[in-house]
Amino acid sequence: MGRRILIASGKGGVGKTTISAGLGESLAKLGASVCVIDLDFSFNNLDIVASIENKVVYDLGDYLQGKCRLKQTLIEFKRGLNLYFISSAKVDTDNIDIAKIEEAILKLSQIFDYII
Ligand SMILES: Nc1ncnc2c1ncn2[C@@H]1O[C@H](COP(=O)(O)OP(=O)(O)OP(=O)(O)O)[C@@H](O)[C@H]1O
Ligand SMILES: [Mg+2]
């Protein structure tokens with residue numbers, strides 16, 4: 001079971017996204033398999049910070065709406081590094097299926113050493 005690390009803060013603009021992307025890359029460079037998920041449904045920008053915005057086909061919002069399978073949301077950072085990102089989308093937070101997110105994180109933690 002992979003280790004799950006939540007980077008959260010009540011305050012905006014303090015470096016949550018930057019730390020998540022950087023920690024993910026650092027752990028992957030140490031040889032771990034890592035998946036970094038953007039769970040910010042309002043100001044989601046992990047894809048831009050990680051420079052993978054042009055590779056996004058499906059995001060977490062698509063998965064939650066049943067438009068794709070979980071594996072289709074995984075975006076490889078670059079070859080040779082076991083680092084994947086899952087991009088988020090603007091989603092109406094009143095209608096988010098928390099159980100489906102928990103289930104997705106559980107599935108991912110069976111594949112990856114770290115889920116951030
Ligand atoms: N350790 C750091 N030192 C200096 N600047 C930083 C550091 N970490 C992040 N920043 C800068 O601070 C700004 C906000 O960072 P970031 O987007 O990671 O924060 P956030 O907490 O995810 O914000 P939001 O609440 O909007 O999601 C960015 O311009 C980023 O480049
Ligand atoms: Mg952020």
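Let me start with a convention: a residue counts as near a molecule if one of its heavy atoms lies within 4 Å of it. On that basis, ligand 1 is surrounded by Gly12, Gly13, Val14, Gly15, Lys16, Thr17, Thr18 and Asp40.

Before going on, a word on provenance: this is a predicted model, in which local features need pLDDT of at least 70 and side-chain atom pairs count only at pLDDT 80 or more, while totals for chains, interfaces and linings use all residues. Residues are numbered from 1 along each chain as its sequence is written, ligands are numbered from 1 in the order in which they are written, and side-chain values use heavy atoms, with hydrogens and water left out.

Turning to the polar contacts of the ligand, meaning pairs of N or O atoms within 3.5 Å, a polar side-chain atom of Thr17 comes to 2.7 Å from an oxygen atom of ligand 1, and for Gly15 a backbone N or O atom lies 2.9 Å from a ligand oxygen. Asp40 contributes a side-chain N or O atom at 3.4 Å from an oxygen of ligand 1. Taken alone, ligand 1 exposes 630 Å², of which the protein buries 47%, with areas from the Shrake-Rupley method and a 1.4 Å probe.

Elsewhere, Lys100 lies over the face of Tyr63, 4.7 Å from the ring centre, where the criterion is NZ of Lys within 6 Å of the ring centre and within 35 degrees of the ring normal.

Finally, what lines the largest cavity? Taking a cavity as a set of points on a 1 Å grid where a 1.4 Å probe fits but cannot get out, with lining residues having an atom within 4 Å of a point, the lining includes Ile37, Leu39, Leu60 and Ala104.

Notes. A polar contact is a pair of N or O atoms within 3.5 Å; within protein, one must be able to donate a hydrogen and the other to accept it, and residues adjacent in sequence count only if both atoms are side-chain atoms. On a 1 Å grid over the protein atoms alone, a cavity is a set of points where a 1.4 Å probe fits but cannot get out, and a pocket is an open set with protein on both sides within 12 Å along at least five of seven lines; lining residues have an atom within 4 Å of a point.
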